[in-house]
Amino acid sequence: MPAEPAVKRTIAFFDGQNLFYAAKYAFGYAWPNYDPRLLAEHVCQAQGWQLQETRFYTGFPSPQDDPFWNHFWTAKLAQMGREGITTFSRHLKYRNQTVRLPGGGTTTVLVGSEKGIDVRLALDVVAAARDGACDVALVFSQDQDLSEVADEIRKISMQQNRWIKQACAFPISPTYNNTRGIAKTQWVQIDRATYDGCLDTRDYRPKGGTP
């Protein structure tokens with residue numbers, strides 16, 4: 001069994017949309033008002049880990065598809081960059097999806113999806129572990145697809161005879177039914193008081209827009 005290091009170097013990886021929707025259902029916020037840097041610092045301090053770097057991943061609409069959210073994310077990502085956070089983003093891809101209505105009829109709605117965001121995040125976590133860049137990969141997400149990354153990290157740990165851990169952090173509240181973190185990782189729960197202590201005080205929403 002590899003020896004556990006006294007100083008656990010940590011890289012925080014944020015799945016921006018996954019965290020937004022979790023906070024929306026848990027705490028009722030209508031837009032991504034969290035500060036990734038503060039959240040990463042708080043979790044690492046509470047766990048006794050040494051934060052080395054913060055990385056942020058998100059898809060967002062093009063200005064033609066949704067000017068409001070394009071403006072929001074362009075401004076928020078730019079601010080993260082100024083704070084030293086590494087960001088990876090792509091425009092959403094849209095497709096038509098048929099939805100069944102309560103009365104039995106159907107309608108077609110346009111649905112946006114992130115293409116390549118989760119893959120890029122997963123590859124970066126594995127690369128960081130493989131290259132010895134961190135001892136803890138702290139992922140802010142509940143995406144169960146990332147449990148496969150935990151398997152890869154275990155293999156790397158065995159191959160390199162080195163202590164490595166994957167952890168995931170996520171919101172909890174009485175109104176949020178998803179109480180599971182990523183399988184095969186250490187779960188770090190974020191309560192309302194912790195989340196509210198790590199808010200981004202800047203409002204990147206364009207004036208006069210919604211929500």
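**Exercise 1. State which residue stands opposite Arg55, and place the strands involved in their sheet.**

Step 1. Arg55 stands opposite Thr86 in β3. The model is predicted, so local features need pLDDT of at least 70 and side-chain atom pairs count only at pLDDT 80 or more, while totals for chains, interfaces and linings use all residues. Residues are numbered from 1 along each chain as its sequence is written, and side-chain values use heavy atoms, with hydrogens and water left out.

Step 2. Strands (E, at least two residues) and helices (H or I, at least four) are DSSP runs, numbered from the N terminus. β2 and β3 run parallel and are joined by six bridges; two strands pair if DSSP finds at least two bridges between them.

Step 3. The open sheet has six strands, with parallel pairing, in the order β3-β2-β1-β6-β7-β8. At its edges are β3 (86-91) and β8, each of which pairs on one side only.

**Exercise 2. Decide whether Leu51 is buried, partly exposed or exposed, and list what it touches.**

Step 1. Leu51 lies in strand β2.

Step 2. Buried means under 20% relative accessible area, exposed over 50%, and partly exposed in between (1.4 Å probe, protein chains only). Leu51 counts as partly exposed because its relative accessibility is 26%.

Step 3. Leaving out residues up to four places away in sequence, Leu51 touches Thr10, Ala12, Ala40, Glu41 and Cys44; contact means heavy atoms within 4.5 Å. Between Leu51 and Ala12 there are 7.5 Å from C-alpha to C-alpha, although they are 39 residues apart in sequence.

**Exercise 3. Describe the largest nonpolar core and the contacts of Phe56.**

Step 1. A nonpolar core is a set of buried Ala, Val, Leu, Ile, Met, Phe, Trp, Tyr and Cys residues joined through side-chain atoms within 4.5 Å. The largest one has 36 residues, and those touching the most other members are Phe14, Tyr34, Leu39, Phe56, Trp73, Leu138 and Phe140.

Step 2. Elements that each supply at least two residues of this core include β1 (9-15), α2 (36-47), β2 (50-60) and α3 (67-82).

Step 3. Beyond neighbours within four places in sequence, Phe56 is in contact with residues including Phe14, Tyr34, Trp73, Leu77 and Thr86.

Step 4. A second, separate core has 21 residues, among them Ile117, Ala122, Phe170 and Ile182. In soluble globular proteins, nonpolar side chains tend to be buried together.
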